[in-house]
Structures are given as C-alpha cells and as structure tokens.
Amino acid sequence: MAIRFFNSLTETKEVFEPAEPDRVRIYSCGPTVYNYNHLGNFRAYVFVDLLRRFLRLRGFGLDHSVNITDVEDKIIENAHRAGLSIEEFTAPYIEAFLEDLRYLKLEEVEHRPRATRSIPAMIELMGRLHQNGHAYQSQGNVYFRLASDPGYGRLSHIEPAALRQAADGRFEADEYSKEDVRDFALWKAPATDYEQRWESPWGPGRPGWHLECSAMIRQIYGAAGVDIHTGGVDLMFPHHENEIAQSCCAYPDDRFVGVWLHNEHLLVEGKKMSKSLGNYFMLRDFMEPERARAIVDQGRAPALILDLLASDRMAGALRYLLIGTHYRQKLNFTFDGLQGAANAIERLQGTIDRLLRIATETAPLEGQGPAPSFVKGAIEEFTAALDDDLNISKALAAVFELNRTLNQALDRNDLGADGVHSGIEAFRMVNQILDVFSFELREVNSDPEHDAIDALVTERNQARANRDFARADEIRNLLRQKGVTLEDTATETLWRRD
Ligand code: AMP
Ligand code: ZN
C-alpha cells in the first residue's frame with residue numbers, strides 16, 4: 001500500500017514519492033540554543049523520530065538534518081551578559097539538547113548543521129538573491145524584497161496584500177530602513193559594538209534566522225532539495241513561508257521541498273506550552289531528581305513524577321505520551337496522561353514478559369511455522385495505519401487488540417509455539433517505532449510494587465477461600481485504583497497493570 005502524508009502546502013494527503021527510490025531526505029527546524037528545551041519542543045522532535053523510524057520500517061534509508069540556531073538576538077544578549085562568546089555560551093545548551101534527545105531515545109540524525117558554521121552558504125544564497133533583484137541593501141542590512149516574489153503566501157495561504165495591514169508586531173523594529181514593511185531581513189548589521197560579526201560583501205553582520213534553513217538545505221542537499229521538511233505549526237508563517245521565498249527566488253530550477261509536514265502543539269491546560277507564556281516544563285524538570293523534587297514541592301506536579309523517576313519509567317512514559325497522539329492533533333499535557341502512558345507500557349510489557357518466559361522455559365521450541373492470522377492481521381493493521389499519514393492512534397489500537405487476543409490465548413493455554421514466537425516478533429516490530437519495551441527476560445515481575453501487589457492478591461484469595469467476599473472485593477477495588485487488573489485462571493490469579 002502507498003504511503004500518504006498530509007502536505008501543508010497543498011492541504012491534501014498525497015502519495016509519498018521521494019526523489020530517490022530508496023532514500024529519504026528530511027530537514028527539520030531545530031532548536032535555538034539559549035535555554036533548555038521544554039516538553040513542547042520535544043513533541044516536534046519525537047514526531048520527527050516517529051517519521052524516521054516509520055520510513056526505515058518501510059525500507060528507506062535516511063538522510064536527515066536538524067539545524068542548530070546558535071546565533072540570534074537572545075543568544076547575543078545573554079552571552080554578552082554572561083561575559084562569554086557565542087560559542088562558549090551555547091556549548092552547554094547544545095550538549096544538554098543532545099543529552100535530552102538521548103534520554104527520550106530519539107535517534108541520532110545524519111547532519112546537525114549550525115548557523116555559525118554555515119555562513120558561506122548563506123552569503124552565496126544572498127548573493128544570488130541580490131543579483132536577480134530579490135534582495136536589497138539598506139543601512140548595512142540586507143532585506144528580501146517581498147513584492148518581487150509573486151508566489152509569496154503559498155504555504156500559509158496568506159495574501160501578500162493582507163500582510164501590509166497586518167503589521168502587528170511580527171515585524172521587526174528596523175522597519176524604517178525597509179522599502180516595504182513586509183520585507184524581512186536576510187542579513188543584519190551589528191546593532192551593538194560587542195556582538196560577534198561575520199564579513200560579507202554587504203558589510204559585517206550576522207544572518208537572519210530564515211536564511212539559515214534555506215542555505216543549509218542548499219548546501220547539504222543541492223538542487224534536489226529535500227523530500228520532507230518538518231516543523232511545528234508555529235513555524236509555517238513567517239519562517240517556512242520565507243524559506244520558500246528565499247530558496248525559490250535564489251534557485252528557481254531547484255525542487256527545494258517535496259512535502260511539508262507540520263506538527264501541532266503541545267498544550268498545557270489548553271494553551272500552547274511556550275517559553276513566553278511561562279507555562280512550561282523543561283524536559284530536565286522530569287529527568288533530574290532534584291528538579292523534579294523542586295516542582296513537586298512548588299505544587300506544580302504530583303509526586304507521581306518522583307515515582308516514575310525512581311522506577312526508571314519516566315523516559316518511556318514521556319516518549320509514549322508524546323508519540324501517542326496524531327501529530328496533526330493538539331496534545332494536552334496532563335499528569336493523568338503521563339500516568340496513563342506509563343500504565344499502557346506496563347500492560348504491554350507484561351505480555352511481552354509473559355511471552356518471553358514461555359519462549360525460554362519451553363525452549364528450544366521446535367521450528368517456526370506461520371504466525372497465527374490474528375498476529376499477521378495486527379501487523380498489517382499497524383503498518384497500514386502508519387502508512388496513512390502516520391495514524392498512530394489507529395496503529396496503537398491494533399497493538400492493544402493484539403495484546404488482548406494474545407493474553408486470552410495464553411490464559412486458555414492454547415497459543416502454541418508459533419503464536420508465542422510471532423507475538424514476540426510483532427512486539428519487536430512495534431518497538432522499532434515506539435522504543436519503550438524491553439526484550440530482556442526480566443525478573444518474574446519487575447513491577448516496582450510487585451511484592452506489595454502480590455501480598456494483596458494472596459490476601460484476597462484467602463479472603464475468597466474463607467468466603468469473606470466483602471474483603472475480597474475491597475482488595476480488588478484497591479488494586480483497581482492502582483491500575484492493577486486481576487485475572488483468575490483455572491490454576492492461579494494473574495495480575496497486570498492497565
Ligand atoms: P523553538 O526552539 O521555539 O524555535 O522551537 C523548536 C521546535 O519546537 C519548532 O519546530 C517549534 O515549532 C516546536 N515547538 C515549540 N513549541 C512547541 C509546542 N508547544 N508544541 C509542539 N511543538 C513546539
Ligand atoms: Zn527553519
């Protein structure tokens with residue numbers, strides 16, 4: 001079946017066809033490194049990780065770039081205040097960003113270009129724009145002449161004429177030196193005497209943010225451009241709109257971008273999580289015990305996060321939470337949701353453990369016959385859902401259905417060796433995308449509350465044996481509140497997390 005993606009440019013689902021048949025080129029807008037990244041940023045990066053892993057599952061090689069914006073106003077200002085060079089100031093944030101990515105098991109990408117190391121490519125692109133009338137110089141700045149691009153507005157579907165009225169603060173303070181308020185800066189002359197500057201044919205200065213991405217794509221991928229360009233919806237205008245304007249006017253014969261994918265935002269209580277609203281959690285708040293303790297003490301988070309950290313379940317829960325909602329839907333972050341994600345992993349992991357135990361105990365299981373049809377069906381549903389614009393909710397529904405059927409067969413003791421093996425293989429395949437499960441045979445049950453739950457289950461069974469059904473029900477309810485489900489088989493009582 002064909003892969004389809006929703007292209008923001010055409011606002012339709014299109015069949016995906018990369019320029020090369022077996023390799024996909026991707027460019028994703030990355031972080032501006034003057035602070036740690038918040039959870040919202042990671043929604044964007046986890047989405048791209050899902051995209052990468054899905055394409056690999058479908059047999060493609062990957063050639064993916066995520067840029068690092070390491071020169072911009074806040075960086076310049078903060079570095080100056082700290083008495084550091086740009087390089088010195090950004091280094092720890094870049095390191096922290098990479099560490100955060102590893103924590104969430106985001107794959108390493110093929111290129112991480114940095115703005116400060118791509119200046120020659122930017123100057124070359126600006127030179128072309130200047131040469132063919134799309135850029136002009138004014139008071140040491142270089143601007144893109146918006147009126148020279150008849151297609152401007154193609155991505156955000158904004159009429160260029162309407163932009164003139166919409167001078168609503170999106171435009172920068174240097175407007176007086178522009179021919180037209182809509183024009184945007186490609187190159188900025190130094191505004192202070194302390195800031196770092198680079199030489200250019202238009203005088204010393206530093207690049208504008210939009211220019212960076214266009215230049216890097218040209219430098220890394222040449223005329224073929226990229227098959228996929230990603231970013232959060234907030235970047236569609238003006239950032240991506242301006243990228244297209246620059247690249248198409250500088251290199252009219254290039255392809256630039258095949259399909260534009262934009263992820264929706266992570267919200268907190270209905271509002272976009274952002275640095276400016278102050279309603280954000282850094283990933284580090286959940287990653288580091290001291291920071292987690294601090295936000296719990298401030299009443300901003302429940303003790304649950306300390307629990308998840310202590311039991312090593314935090315990274316998986318966050319990853320699952322961020323990946324589990326379709327990328328074009330808003331995702332409201334709640335702690336109930338985080339607990340739900342941890343429970344979902346635990347429940348599936350319980351089945352994996354069960355299957356692994358049987359596979360080892362009864363090993364070596366003879367030969368391998370065909371997988372039962374319900375396993376094959378689940379795998380097909382899983383991939384078909386992802387083929388359809390990465391419909392992860394539907395894909396996960398197939399996984400839970402498989403989980404249910406496997407457990408039922410195990411309870412009846414009629415799964416069989418092929419069922420056990422193919423069940424494990426199906427979960428391994430799912431894990432190539434989710435990357436939250438373990439396939440090491442764990443202790444019989446490594447649930448952090450294992451002993452306490454076992455004791456309650458025993459007590460409940462004794463109560464039942466004594467016909468004290470009130471007490472038995474009380475315990476069952478208590479366990480239910482902990483998200484534990486009991487299952488009475490002919491020989492024993494099994495329990496698992498919901
Ligand atoms: P920034 O560092 O703000 O330039 O953002 C880096 C990436 O994170 C961009 O792709 C943004 O669109 C994305 N982003 C920022 N805030 C959010 C959010 N609340 N939810 C999802 N993505 C976001
Ligand atoms: Zn960009």
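The side chains of D435 and R53 are joined by a polar contact of 2.9 Å. This is a predicted model, so that figure comes from a prediction. D435 is found in the loop between helix 15, residues 416-434, and helix 16, residues 450-465. Is D435 buried or exposed? At 18% relative accessibility, D435 counts as buried, because the cut-off is under 20%. If we leave aside neighbours within four places in sequence, the residues in contact with D435 are R53, K105 and R319.

Next, the zinc ion, ligand 2. Which residues coordinate the zinc ion? They are C29 and C213 through SG, H239 through NE2, and E243 through OE, at 2.0 to 2.7 Å. Along the chain, the donors follow the spacing C-x183-C-x25-H-x3-E. H239 and E243 are four residues apart in helix 7, residues 236-250, so about one helical turn separates them. H239 is buried, and E243 is buried as well.

Three strands form an open sheet in the order 12-11-13, with mixed pairing. Strand 12, residues 271-272, and strand 13, residues 331-333, are the edge strands, each pairing on one side only. Strand 11, residues 266-268, runs antiparallel to strand 12, and two bridges join them. Within that pair, L267 has K272 in strand 12 as its bridge partner.

Methods
Residues are numbered from 1 along each chain as its sequence is written. Chains are lettered from A and ligands numbered from 1 in the order in which they are written. This is a predicted model: local features need pLDDT of at least 70, side-chain atom pairs count only at pLDDT 80 or more; totals for chains, interfaces and linings use all residues. Side-chain values use heavy atoms; hydrogens and water are left out. Donors are N, O and S atoms within 2.8 Å of the metal (3.2 Å for Na, K and Ca); water is not among the atoms, so sites may look incomplete. Buried means under 20% relative accessible area, exposed over 50%, partly exposed in between (1.4 Å probe, protein chains only). A polar contact is a pair of N or O atoms within 3.5 Å; within protein, one must be able to donate a hydrogen and the other to accept it, and residues adjacent in sequence count only if both atoms are side-chain atoms. Contact means heavy atoms within 4.5 Å. Two strands pair if DSSP finds at least two bridges between them.
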